[in-house]
Amino acid sequence: MRLLTNICNEYSLYKDNLGERLNQNNLFAMIIYKNLCPDDFADLHNGKGNVFKLIIDKPSYIKDKIVNIDKSILEYRKQIKEIENENIVEIQELRAIYIQELIKQRQDAVSIKLNNREYSFDKLIDDDAFELLKSQSILNYFT
(Lines give C-alpha, C1' and ligand atoms only; values in the text may rest on other atoms or scores of the structure.)
Protein backbone atom coordinates (compact mmCIF):
# COMPACT_ATOMS: atom_id res chain seq x y z
CA MET A 1 0.00 0.00 0.00
CA ARG A 2 2.91 2.31 0.77
CA LEU A 3 4.28 1.77 -2.76
CA LEU A 4 0.93 2.67 -4.29
CA THR A 5 0.70 5.80 -2.15
CA ASN A 6 4.24 6.80 -3.13
CA ILE A 7 3.44 6.36 -6.82
CA CYS A 8 0.25 8.45 -6.59
CA ASN A 9 1.93 11.23 -4.59
CA GLU A 10 4.94 11.38 -6.86
CA TYR A 11 2.76 11.39 -9.97
CA SER A 12 0.75 14.31 -8.57
CA LEU A 13 3.94 16.19 -7.79
CA TYR A 14 5.42 15.70 -11.28
CA LYS A 15 2.09 16.46 -12.94
CA ASP A 16 1.80 19.76 -11.08
CA ASN A 17 5.43 20.72 -11.80
CA LEU A 18 5.54 19.68 -15.45
CA GLY A 19 1.95 20.54 -16.34
CA GLU A 20 0.41 19.14 -19.50
CA ARG A 21 3.63 19.24 -21.54
CA LEU A 22 4.17 15.49 -21.21
CA ASN A 23 1.95 12.63 -22.18
CA GLN A 24 0.33 11.76 -18.86
CA ASN A 25 0.30 8.02 -19.58
CA ASN A 26 4.03 8.05 -20.24
CA LEU A 27 4.68 10.14 -17.16
CA PHE A 28 2.66 7.75 -15.01
CA ALA A 29 4.51 4.77 -16.50
CA MET A 30 7.88 6.32 -15.69
CA ILE A 31 6.82 7.05 -12.11
CA ILE A 32 5.73 3.44 -11.68
CA TYR A 33 9.01 2.28 -13.20
CA LYS A 34 10.98 4.59 -10.89
CA ASN A 35 9.24 3.16 -7.84
CA LEU A 36 9.37 -0.50 -8.88
CA CYS A 37 12.93 -0.54 -10.27
CA PRO A 38 14.79 2.35 -8.61
CA ASP A 39 18.28 1.00 -9.41
CA ASP A 40 17.54 0.61 -13.13
CA PHE A 41 15.86 4.03 -13.16
CA ALA A 42 19.04 5.54 -11.64
CA ASP A 43 21.10 3.71 -14.28
CA LEU A 44 18.93 5.33 -16.95
CA HIS A 45 20.18 8.76 -15.83
CA ASN A 46 23.74 7.50 -16.15
CA GLY A 47 23.28 6.02 -19.62
CA LYS A 48 23.06 2.43 -18.40
CA GLY A 49 20.47 -0.18 -17.55
CA ASN A 50 17.73 -2.12 -19.28
CA VAL A 51 15.53 0.80 -20.33
CA PHE A 52 18.51 2.72 -21.66
CA LYS A 53 19.50 -0.32 -23.72
CA LEU A 54 15.95 -0.62 -25.08
CA ILE A 55 15.90 3.06 -26.04
CA ILE A 56 19.30 2.82 -27.76
CA ASP A 57 18.37 -0.40 -29.56
CA LYS A 58 14.94 0.88 -30.67
CA PRO A 59 16.02 1.49 -34.31
CA SER A 60 17.36 -2.05 -34.50
CA TYR A 61 14.13 -3.49 -33.08
CA ILE A 62 12.10 -1.45 -35.56
CA LYS A 63 14.29 -2.58 -38.46
CA ASP A 64 13.90 -6.23 -37.42
CA LYS A 65 10.13 -5.84 -37.13
CA ILE A 66 9.95 -4.24 -40.58
CA VAL A 67 12.00 -7.08 -42.07
CA ASN A 68 9.71 -9.66 -40.44
CA ILE A 69 6.59 -7.83 -41.62
CA ASP A 70 8.00 -7.58 -45.16
CA LYS A 71 8.71 -11.33 -45.13
CA SER A 72 5.14 -11.98 -44.01
CA ILE A 73 3.77 -9.72 -46.74
CA LEU A 74 5.84 -11.55 -49.38
CA GLU A 75 4.61 -14.91 -48.09
CA TYR A 76 0.98 -13.72 -48.17
CA ARG A 77 1.43 -12.35 -51.69
CA LYS A 78 2.89 -15.70 -52.74
CA GLN A 79 -0.10 -17.49 -51.23
CA ILE A 80 -2.51 -15.11 -52.97
CA LYS A 81 -0.78 -15.74 -56.31
CA GLU A 82 -1.00 -19.51 -55.76
CA ILE A 83 -4.70 -19.23 -54.95
CA GLU A 84 -5.32 -17.10 -58.05
CA ASN A 85 -3.45 -19.60 -60.22
CA GLU A 86 -5.34 -22.49 -58.66
CA ASN A 87 -8.60 -20.75 -59.50
CA ILE A 88 -7.56 -20.38 -63.15
CA VAL A 89 -6.59 -24.05 -63.36
CA GLU A 90 -9.92 -25.07 -61.86
CA ILE A 91 -11.83 -22.92 -64.37
CA GLN A 92 -9.86 -24.44 -67.24
CA GLU A 93 -10.57 -27.93 -65.91
CA LEU A 94 -14.29 -27.21 -65.59
CA ARG A 95 -14.39 -25.88 -69.14
CA ALA A 96 -12.58 -28.97 -70.39
CA ILE A 97 -15.12 -31.21 -68.67
CA TYR A 98 -17.97 -29.20 -70.23
CA ILE A 99 -16.40 -29.48 -73.70
CA GLN A 100 -15.79 -33.20 -73.16
CA GLU A 101 -19.50 -33.64 -72.57
CA LEU A 102 -20.20 -31.84 -75.85
CA ILE A 103 -17.83 -34.20 -77.64
CA LYS A 104 -19.65 -37.20 -76.15
CA GLN A 105 -22.88 -35.99 -77.77
CA ARG A 106 -21.28 -36.12 -81.23
CA GLN A 107 -18.21 -38.34 -81.07
CA ASP A 108 -17.52 -37.99 -84.79
CA ALA A 109 -17.35 -34.16 -84.57
CA VAL A 110 -13.96 -32.41 -84.81
CA SER A 111 -15.12 -28.80 -84.47
CA ILE A 112 -18.11 -26.61 -83.78
CA LYS A 113 -19.52 -23.52 -85.51
CA LEU A 114 -20.15 -20.41 -83.43
CA ASN A 115 -21.23 -17.11 -85.02
CA ASN A 116 -20.27 -18.30 -88.51
CA ARG A 117 -16.79 -19.27 -87.38
CA GLU A 118 -15.45 -22.77 -86.89
CA TYR A 119 -13.70 -23.62 -83.61
CA SER A 120 -11.80 -26.80 -82.81
CA PHE A 121 -12.70 -28.27 -79.43
CA ASP A 122 -9.32 -27.46 -77.91
CA LYS A 123 -9.81 -23.75 -78.73
CA LEU A 124 -13.15 -23.64 -76.91
CA ILE A 125 -11.36 -23.48 -73.54
CA ASP A 126 -10.25 -19.89 -74.30
CA ASP A 127 -12.26 -17.17 -72.55
CA ASP A 128 -13.85 -15.55 -75.60
CA ALA A 129 -14.68 -18.79 -77.36
CA PHE A 130 -16.15 -20.34 -74.24
CA GLU A 131 -18.33 -17.28 -73.58
CA LEU A 132 -19.56 -17.54 -77.16
CA LEU A 133 -20.24 -21.24 -76.67
CA LYS A 134 -22.29 -20.56 -73.53
CA SER A 135 -24.45 -18.03 -75.36
CA GLN A 136 -25.48 -20.49 -78.10
CA SER A 137 -28.78 -22.32 -77.84
CA ILE A 138 -28.18 -24.54 -80.91
CA LEU A 139 -24.79 -25.99 -81.75
CA ASN A 140 -23.59 -26.93 -85.22
CA TYR A 141 -21.00 -29.70 -85.21
CA PHE A 142 -18.49 -30.40 -88.04
CA THR A 143 -17.19 -33.86 -88.73
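1. Setting aside neighbours within four places in sequence, Asp40 is in contact with Tyr33, Gly49, Asn50 and Val51, where contact means heavy atoms within 4.5 Å. This is a predicted model, in which local features need pLDDT of at least 70 and side-chain atom pairs count only at pLDDT 80 or more, while totals for chains, interfaces and linings use all residues. Residues are numbered from 1 along each chain as its sequence is written, and side-chain values use heavy atoms, with hydrogens and water left out.

2. Asp40 belongs to helix H3, residues 38-45; helices are DSSP runs of H or I with at least four residues, numbered from the N terminus. The relative accessible area of Asp40 is 14%, so Asp40 is buried (buried is under 20%, exposed over 50%, partly exposed in between, with a 1.4 Å probe and protein chains only). Between the C-alpha atoms of Asp40 and Phe52 there are 8.8 Å, and these residues are 12 apart along the chain.

3. Glu10 sits in helix H1, residues 2-18. Glu10 is also buried, at a relative accessible area of 15%. Not counting residues up to four places away in sequence, Glu10 touches Ile31, Lys34 and Asn35.

4. How many disulfides does a search of the whole structure find? The search gives 0, a disulfide being a pair of cysteine sulfur atoms within 2.5 Å. The closest cysteine sulfur to that of Cys8 is in Cys37, 17 Å away, which is too far for a bond. Cys37 is accordingly in no disulfide.

5. Cys8 is partly exposed, with 40% relative accessibility. Cys37 is partly exposed too, at 35%.

Definitions and conventions:
Helices (H or I, at least four residues) and strands (E, at least two) are DSSP runs, numbered from the N terminus.
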